Every structure is written in structure tokens, then in C-alpha cells.
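This report covers a ligand site, the voids around it and some backbone details.

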Amino acid sequence: YTEKMTFPQQRLRRLRKSGAIRRLISEITLSVDDFVAPLFVREGISEPQPIASLPGVFQHTRDSLKAEIDQIRNLGIPSIILFGIPAEKDATGSGAWDPNGIVQQAIADCKSAIGDDLVIMSDLCVDEYTDHGHCGVVNDDGSIDNDLTLDLYRKIAIAQANAGADVIAPSGMMDGQVAAIRQALAGNNNLETPILAYSAKYASGLYGPFREAVNVSLENSDRKSYQQDWRNKREAMNEIKADLNEGADMIMVKPAVTYLDIIAQARELTDVPIGAYHVSGEYSMIKAAGKKGWIDETQVAIEQLTAVKRSGANFILTYFAKEIAGCL
Ligand code: PBG
């Protein structure tokens, strides 16, 4: 017995003694229920294609996608988000709203294979479908035409909802996109489909591997005129409030780990469910360092995903979904 052992601070040590007691007193627990698995489906390929900068992630065919969602469901993961890569890209991204476009077909495939056992989210944007790789209509001077782009988003929303999407997730960061989509859905007699707004989406360098996944190269341009400046935090709260006023049912912060402060503040601001996107670069950095033996990738993945949840997110879009679901 030393006097030191009676310090109240010792309580913390006494409560860390075993795995069981740590489990008992843990404030939060990462669970498969927290995961949304991002999936890519590509038109015009006969075999799934690996994505070099996203090890373990594939561009799927319609058939391989069905096998993938079976596995995902069997692991207990509740949701996926779909991204499509069309065979042909054009200036406005018309494949995005074609009723027979690749993502519409994939949504319908998933719905008929799996019904309500998985929440099928669809990313709503045109960048995977445009030949220039931007999220909207590009004017002659290189600027993005916000309002012309909203007209395209309205059409995409209707096409995705008609195909059976359970949740529509606009990611293009155009002003007024949530209101435009909500109105378009209502005009199509659809008041049921929730909108998950990518509200606070930063112009991050961490999207690099995603661009490979959707065959986009931005060459000499960037998205800083419509995605957020990473120096700004109050602006993110304004983006979130605007989306909620426009009728968003859930909001998202993206990327995740670099923006935990934004997630935490969003948690204070609103009671709607908050998603956080652990993006391609966040995944690939862990994978690359793990492959070199510099870190334990499973441990770091669980640590980061837990941090995202601890910061206040209700669910996490993550390329680790399948792998980590098996470890929890
Ligand atoms: C845009 C979109 C992007 C991501 C999701 N939706 C790319 C971008 O804005 O540049 C990136 C996701 C990731 O990096 O994992 N449709």
C-alpha cells in the first residue's frame, strides 16, 4: 500500500486491467451495423477489374456485383453505395440518367436479388459519366454552370428512384442540389426516398484512388470552385444547414479522419443521422503502409473507423467494410 495507489487517477488504471473490463466500460463499439460498402459497377466489361490503387476493391460486372452483395449481406453489413462507370462518357454525362444506364441496371439487379435486406444507396453525380471528369456542366470559360447542372441532377434522381434506389446521395456540391432533387422526386410522385446529402465535402487530395476507380482524370483542373476549402469550418456548418433546410434527411462529412472536428461540430448542430466517408485515399494509405509492414493495417483501420464513430458519425462509408466486418 502506498499513498499513490489511493489517488483517484488510479481508477483509470484499475479499469484497464483486462480486455473484458475494457469492453464493459467502453463508451462506443464499432459494429458492422455502422458500415456502408462503396461498390463500383462498370459497363462493357466481362470480368471484374482490380483497381491498383484500391487493393481488394474491384470494378464489377453486373454479375460479379450480385455475388458481392450476397457476401456483404451475409457479413451483416446493412448498406452499399453504388457508383457507375459507363462505356461511353460525354460532355453532360448522359449515362447518369439513362433509364438503362449502368447504375440504374445495377440498382434494379440489387433490388431484385436482395429486396429490403440491404439499403441500396446511389451516388448522384455526373463526374463518372462526363468526358471532362467534372461534377457538372462546364461553361466555355471552364467554370461550372450550377443551375444547368441542377437540371441534370433532377433527371438522375428520377432515374435512380425509378430503378429502386433506397437512398439518393448527391455528391456534386452544387448549390440548391438537395432542393432540386427533392422537388424532382415529389414531381415524380415520390415522397418516400430519403436524401443523404454530401453536405460538407472538401476539395481533398484524398480522392486520388477513387478517380482511378471511376476512370476519371482531371488533368490540369481541380474541383476547388465547388468543393470546400479545407481551411474552413464555419462554412461547413452553413452547407449542412442549407442542405437540411432544403430537405436533406441525412448529411455527410467527407473525408472522415482529416475532418473529425467537422463531424463533431455537425453532431452538435443537428440530430439527423450523420454519415462520414472514409475515402479512397484514407483506405489506400493504410493498405500501402500495411503492405510494407510499417503498420498493422487491421488495427489502424479499426482505430480510425472507431475514431470516426467517436467523433459523432452514425455510419461510415468505407472500403474496409467487408474486411473489418469479419474482424469485429
Ligand atoms: C463524386 C464523388 C467522389 C467521391 C465520391 N463521390 C469524387 C470526387 O468528388 O472527386 C470520392 C470518394 C473516395 O475518394 O473514396 N461523384
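The sections below take the ligand first, then the cavity, the pocket and the backbone.

## Basis

The model is predicted: local features need pLDDT of at least 70, side-chain atom pairs count only at pLDDT 80 or more, and totals for chains, interfaces and linings use all residues. Residues are numbered from 1 along each chain as its sequence is written, and side-chain values use heavy atoms, with hydrogens and water left out.

## Ligand shell

The ligand is surrounded by 19 residues, a residue being near if one of its heavy atoms lies within 4 Å. Lys201, Arg211, Arg223, Lys254 and Tyr319 are the closest. By class the shell holds 9 nonpolar, 3 polar and 7 charged residues. Here Ala, Val, Leu, Ile, Met, Phe, Trp, Tyr, Cys and Pro count as nonpolar, Asp, Glu, Lys and Arg as charged, and the others, Gly among them, as polar. Strand S9 (196–201) and helix H7 (208–213) each give the shell at least two residues; helices (H or I, at least four residues) and strands (E, at least two) are DSSP runs, numbered from the N terminus.

Polar contacts are pairs of N or O atoms within 3.5 Å. Ser280 places a polar side-chain atom 2.7 Å from an oxygen atom of the ligand. For Asp123, a polar side-chain atom is 3.3 Å from a ligand nitrogen atom, and Lys254 likewise has a polar side-chain atom 3.3 Å from a nitrogen atom of the ligand. The protein covers 100% of the 400 Å² of accessible area (Shrake-Rupley, 1.4 Å probe) that the ligand has on its own.

## Cavity

The whole structure has 1 cavity of 30 Å³ or more. On a 1 Å grid over the protein atoms alone, a cavity is a set of points where a 1.4 Å probe fits but cannot get out, and lining residues have an atom within 4 Å of a point. The largest cavity has a volume of about 130 Å³, taken as the space filled by probe spheres set on the points. The ligand sits in this cavity, in that more than half of its atoms lie within 2 Å of the grid points.

The cavity lining has 18 residues, with Asp127, Lys201, Tyr207, Phe210 and Lys254 nearest the centre.

## Pocket

A pocket is an open set with protein on both sides within 12 Å along at least five of seven lines. The largest pocket has a volume of about 230 Å³. Its lining has 16 residues, and Gly56, Val57, Glu68, Tyr319 and Lys322 are closest to the centre. The lining comprises 10 nonpolar, 3 polar and 3 charged residues.

## Backbone

Lys254 and Pro255 are joined by a cis peptide bond, with omega about -10 degrees. Pro255 is in the loop between strand S10 (250–254) and helix H9 (260–269). Met173, although not a glycine, has a positive phi of about 60 degrees.

Definitions and conventions: A polar contact is a pair of N or O atoms within 3.5 Å; within protein, one must be able to donate a hydrogen and the other to accept it, and residues adjacent in sequence count only if both atoms are side-chain atoms.
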